[in-house]
Amino acid sequence: MDIDTVAAELLDMRRSGRIEPDLPATLRPTDLATAYAIQAAVVDGLGGETIGYKCACTSPIAQQALRIDRPLFGRLLSHTSSMSGATLDASRFVHRVVEAEFAFRLGADVDPIDGGHTHESIAEHIDAVIPAIEIVDYRYESWTLGALQVAADNAIHGWWVHGDPVIDWQHLDLRTTGVTVRRNGDVATSGSGAAVLGHPLTVMAWLADELPRFGLSMRAGDLVTTGVTTDVFEALAGDALRADFEGIGSVELRFV
């Protein structure tokens, strides 16, 4: 399989906004290593600076839908990331799936450790928790067509909007921390950190162990968003969105 040919197809789908039922059979990755190699080429084609990682499929429902037994990761990019209060053009997205997520900023490089990372070991590398909303965007008729196609297309990442980092976070029980998403002032959905593998730090520990399998690692300054904490919905042009994270802060954006 020619990695660049597959990446070119995915980049053209992104730029044109065309929707396909699936990749052509000859362009479909057959394993995660190939899918992540395609992802790297797609990210290169998108340009901008890689500022960290996004985690996807951090719930049993999503893993079952994509027929995979583990989460997936993608890259966060500087030119598709904004501070809270951002106004986004709805027409630049095929879909605008709203995902309220706990994000983290790394204060130190993360290296592999014997036996794998735990909540305690990964927490030592984190210097801030950040309230965030990821906009998931995909160009397939259904995002559930397969995990490998999703991974290849940078885990169908569309945009990332983040609030202010909170340095004093270690006393918080992120598992039970509530998250409420409002759409045009009305509560649309709510959840908690327990939705992502039982605890957001479980996701961080998983990523710390998973990235080295593909020649990658988290470095000091990287930003990581850990997956959706609530039910999802698709935003429309004109929607104002706000996610409140109990004891942490909020993040807002608007589509026009």
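Tutor: Two residues are in contact when heavy atoms of theirs lie within 4.5 Å. The structure is a predicted model, in which local features need pLDDT of at least 70 and side-chain atom pairs count only at pLDDT 80 or more, while totals for chains, interfaces and linings use all residues. Residues are numbered from 1 along each chain as its sequence is written, and side-chain values use heavy atoms, with hydrogens and water left out.

Student: Which residues does aspartate 111 touch, not counting residues up to four places away in sequence?

Tutor: Aspartate 111 lies in the loop between β5 (97-106) and α4 (119-123); helices (H or I, at least four residues) and strands (E, at least two) are DSSP runs numbered from the N terminus. Its C-alpha atom is separated by 28 Å from that of proline 29, 82 residues away along the chain. With residues up to four places away in sequence set aside, aspartate 111 touches His117 and Arg219.

Student: Is aspartate 111 buried, exposed or partly exposed?

Tutor: A residue is buried under 20% relative accessible area, exposed over 50% and partly exposed in between, with a 1.4 Å probe and protein chains only. The relative accessibility of aspartate 111 is 44%, so this residue counts as partly exposed.

Student: How many helices and strands does the secondary structure of the protein come to, and what radius of gyration does the protein have?

Tutor: The secondary structure comprises six helices and 13 strands. The globule rule (2.2 Å times the number of residues to the power 0.38, with the radius taken over C-alpha atoms) is the reference here. For 256 residues this rule gives 18 Å, and the protein is as compact as a globular protein of that length because its radius of gyration is close to that value, at 17 Å.

Student: What percentage of the contacts between residues at least 6 apart in sequence join residues at least 24 apart?

Tutor: The C-alpha trace spans about 50 × 50 × 30 Å along its principal axes, and buried residues make up 55% of the 256 residues. Among contacts between residues at least 6 apart in sequence, the share joining residues at least 24 apart is 77%.

Student: How far apart are the mean positions of the positive and negative charges of the protein?

Tutor: Lys and Arg count as positive and Asp and Glu as negative, with His and the chain ends not counted. Each charge is placed at NZ of Lys, CZ of Arg, CG of Asp or CD of Glu. There are 19 positive and 36 negative charges, and the distance between their mean positions is 5 Å.

Student: What distance separates the end C-alpha atoms of helix α2?

Tutor: The expected span of a helix is 1.5 Å times one less than its number of residues. Helix α2 (residues 32-46) has 15 residues and should therefore span 21 Å, which agrees with the separation of its end C-alpha atoms, 21 Å.

Student: Which elements are included in what covers the buried residues of α2?

Tutor: The buried residues of α2 include Leu32, Tyr36, Ile38 and Val42. Helix α1, whose own buried residues include Val6, Leu10 and Met13, has α2 and α5 among its cover. The cover of the buried residues of α2 in turn includes α1 (3-16), β1 (50-56), β2 (72-77) and α5 (147-152).

Student: What is the phi of isoleucine 156?

Tutor: Most residues other than glycine have a negative phi. Isoleucine 156 lies in the loop between α5 and β7 and is buried, with a relative accessible area of 6%. Its phi has a positive value, near 45°.

Student: With which residues is glycine 158 in contact, leaving aside its neighbours within four places in sequence?

Tutor: Glycine 158 has its place in strand β7 and is buried, at a relative accessible area of 12%. Apart from neighbours within four places in sequence, its contacts are Thr80, Phe93, Ile135, Val136 and Asp137.

Student: How far apart in space are arginine 182 and valine 6, C-alpha to C-alpha?

Tutor: Arginine 182 is in strand β8 (residues 178-183) and is partly exposed, with a relative accessible area of 30%. Arginine 182 and valine 6 are 176 residues apart in sequence, and their C-alpha to C-alpha distance is 38 Å.
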